Amino acid sequence: MPNSLTIKLINQSPHQTLYAFITGLAIQNNNARVFAGLGPQFNELYFPEEPLPGKLLQPLTRDCAIPLNPPGSPNPVTVTIPQLAGARIWFSAEKKLIFKRNPGGPANTAALVEPSVLNPTDPNINTNFVFCEFTLNSAQLFANISYVDFVGRIPIGLTLRERNGKAQHVSGMKEDGLERVCEALRKQAEKDGRPWDKLIVMERGTGGKPLRVLSPTHGNTVRANFGGMFEPLVEKVWEKYCEGNSVGGEEKKQHHGLRGFLSGLKGHQESRQCVLQIDTQCGLGVVTGYVEKGTGDFVIGGERFKRPTTADILGCNSGPFTTGPSALRNAIIPRFAAGFQRSCILDVTDHPSPPETFYRCEPTNHYCRIIHECSLDGKGYAFAYDDVQPDGGDDQSGKVNAGDPEVFIVTVGGQGAYVGNKMP
């Protein structure tokens, strides 16, 4: 049971000045808001004090920046943290991030106002910063590289060593990763006429240097309108799985095990109703679905789903993808939503499907496709349910996890990026 964890922070960027900030909820202190890894031994905690009612956007009363050693230094900065939930390790180049305090936080601490890439008045809006996410609790360490909101200019790589000596590694991008993402987005915009290139945010006063790329979920922030993009795909999906529609033996199907093989063999022999199959990957088993002719609802395992909009698909948390009290519905939603996000729901009837089926059908989320293509090992959390994968399949989400973590290493900058489950 990991009560605490050693984290090593390594600067592999071109920046001589790089700062880290570790935030989260202190599980062993009633989930109070906390900054970790502070002080001369990098093991102190700061619980930001709750301001008086009505006192908004108050500064922190302690400097919570952790200065990293310059690139090429043989010594990483080694911090010790307690159990944390919903935690992030933030990194900023050349200047420190600014956090603020509001009243109403958990366990008599402040509600933390974190840096935002969406608020044009945020004091960090023109700062070069990134973060990775993790949770350390009594069961395990779980960490991932997150691109759900944006891709930053400073690449991050993760390495976890378990107590048995086994290593897990997520490569991230190389030093020029953001430039490669921008180039691919510009080419895609030229190809399909959609505003992928408008997702690129330029740094002020640098003569055209990209600072970050926003997810299309936040496209309206930069006047990149993707409205209506996925509706043609939804129309085709509803038509394919409509009650009474049948397909012949030429229908493509992913065969999972003997059941899938026999089903596919039968499909080559006779026409059949086109049915969606979703493996809930839990005790609820495999459920089937089709579009009910009378209502137009997609009925999966008895749960009813209306047609999603482009905004529903990009965000994965609205419309038919809103979770609720039904355990079955909550198990279906990630797999159903991922099928639309990756555009594989039209070509493949069994879900989750393997990575070779992703992003092959238009329209699709080219932001996600490009992130995976620009990551050295193809891994990265590009949308809310990017951890959806078949049982035993290759992870796409860029995560490391273990119940017995010994040391967690975060490399920043991409200059030493590599592929393979080995220590840096």
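Predicted model: local features only at pLDDT ≥ 70, side-chain atom pairs only at ≥ 80, totals over all residues.
W90 has a relative accessible area of 0%, so I put it down as buried.

**Aromatic pairs.** I went looking for ring pairs next. How many aromatic pairs does the count come to? I get 18. One of them is F35 with F99, which is edge-to-face, with 5.2 Å from centre to centre and 90 degrees between the planes. I then checked where those two rings sit in the chain. F35 belongs to strand β3 (residues 32–38), while F99 lies in the loop between β8 (84–93) and β9 (100–102). That puts the partners 64 residues apart, so I noted a link between distant parts of the chain, given that burial is the next thing I looked up: F35 comes out at 0% relative accessibility and therefore counts as buried.

F99 is at 4% relative accessibility, so I count F99 as buried too. F99 also pairs with W90, again edge-to-face: 5.6 Å centre to centre, 90 degrees between the planes.

**Cluster.** Which residues do the ring pairs link into a cluster? My list reads F21, F35, Y46, W90, F99, F129, F131 and F150.

**Charges over rings.** I found the charged end of R329 sitting over the ring of F305, 4.0 Å from the ring's centre. R342 lies over the face of F358, and there I noted 4.0 Å from the ring centre.

Conventions. Residues numbered from 1 in each chain as written. Heavy atoms only, no water. Phe/Tyr/Trp six-rings, centres within 6.5 Å; stacked < 30°, edge-to-face > 60°. Helix = DSSP H or I, 4+ residues; strand = E, 2+ residues; numbered from the N terminus. Buried < 20%, exposed > 50% of the residue type's maximum accessible area, 1.4 Å probe, protein only. Lys NZ or Arg CZ within 6 Å of the ring centre and 35° of its normal.
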